[in-house]
Amino acid sequence: YAGKPGEIAGVIAGRGDRPLLDHGRTYYKLLRKIITRGQEQGTLRADMRVNELVRYYAMCERALLYEWCLRKGEYSLSEEAECKFPMMIASMKTKN
């Protein structure tokens with residue numbers, strides 16, 4: 001998306017078929033593949049279904065982006081992601 005930070009909220013909330021929620025998108029296919037592999041290898045928690053973890057990850061990613069848009073891009077999105085995503089990923093890992 002090449003628009004201004006405040007404009008992306010309209011794209012996210014868009015009308016019609018809501019392509020960002022289409023689980024047939026490559027984005028969701030890749031997340032399912034990565035999470036499935038993580039569960040098979042024992043690095044990601046198995047007490048939640050793959051689709052639940054995919055939804056959780058996507059929801060956290062959208063929340064980060066949405067907050068950045070609401071604040072009109074006043075901070076570095078990549079730096080915020082580097083700070084917040086490790087906490088989110090930690091909650092998806094198996095407990096040792």
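Reader: What makes H3 and H4 roughly antiparallel to each other?

Author: Start with the angle: the axes of H3 and H4 cross at roughly 155° and come within 11 Å. Axes here are lines fitted to C-alpha atoms, for helices over the stretch in contact, with angles from 0 to 180 degrees between N-to-C directions. Angles over 145 degrees count as roughly antiparallel (under 35 is roughly parallel, 65 to 115 roughly perpendicular, the rest oblique), so H3 and H4 are roughly antiparallel. By the way, this is a predicted model, where local features need pLDDT of at least 70, side-chain atom pairs count only at pLDDT 80 or more, and totals for chains, interfaces and linings use all residues. Residues are numbered from 1 along each chain as its sequence is written, and side-chain values use heavy atoms, leaving out hydrogens and water.

Reader: Which residues make the contact of H3 with H4?

Author: On the H3 side they include Leu-53, Tyr-57, Leu-64 and Trp-68, and on the H4 side Leu-77, Phe-85, Met-88 and Met-92 are among them. Contact just means heavy atoms within 4.5 Å. By class, the residues of that contact divide into 13 nonpolar, one polar and three charged.

Reader: What does the core look like, and which members touch the most others?

Author: The largest nonpolar core has 13 residues, and Ile-35, Val-54, Tyr-57, Phe-85, Met-88 and Met-92 touch the most other members. To be a core, it has to be a set of buried Ala, Val, Leu, Ile, Met, Phe, Trp, Tyr and Cys residues joined through side-chain atoms within 4.5 Å. H2, H3 and H4 (77-92) each supply at least two residues, and H3 gives the most, with six. Take Val-54: beyond its neighbours within four places in sequence, Val-54 is in contact with Tyr-28, Leu-31, Arg-32 and Ile-35.

Reader: How do you know whether Gln-39 is buried or exposed?

Author: Check its relative accessibility: Gln-39 has 19%, so Gln-39 counts as buried. The cut-offs are under 20% for buried, over 50% for exposed and partly exposed in between (1.4 Å probe, protein chains only). Gln-39 lies in H2, and beyond neighbours within four places in sequence, Gln-39 is in contact with residues including Leu-44, Met-48, Val-50 and Leu-53.

Reader: And why is Lys-72 called exposed?

Author: Its relative accessible area is 65%, above the limit, so Lys-72 is exposed. Lys-72 is found in the loop between H3 and H4, and has a positive phi of about 55° although it is not a glycine. Most residues other than glycine have a negative phi.

Technical notes
Helix = DSSP H or I, 4+ residues; strand = E, 2+ residues; numbered from the N terminus. Nonpolar A, V, L, I, M, F, W, Y, C, P; charged D, E, K, R; others polar.
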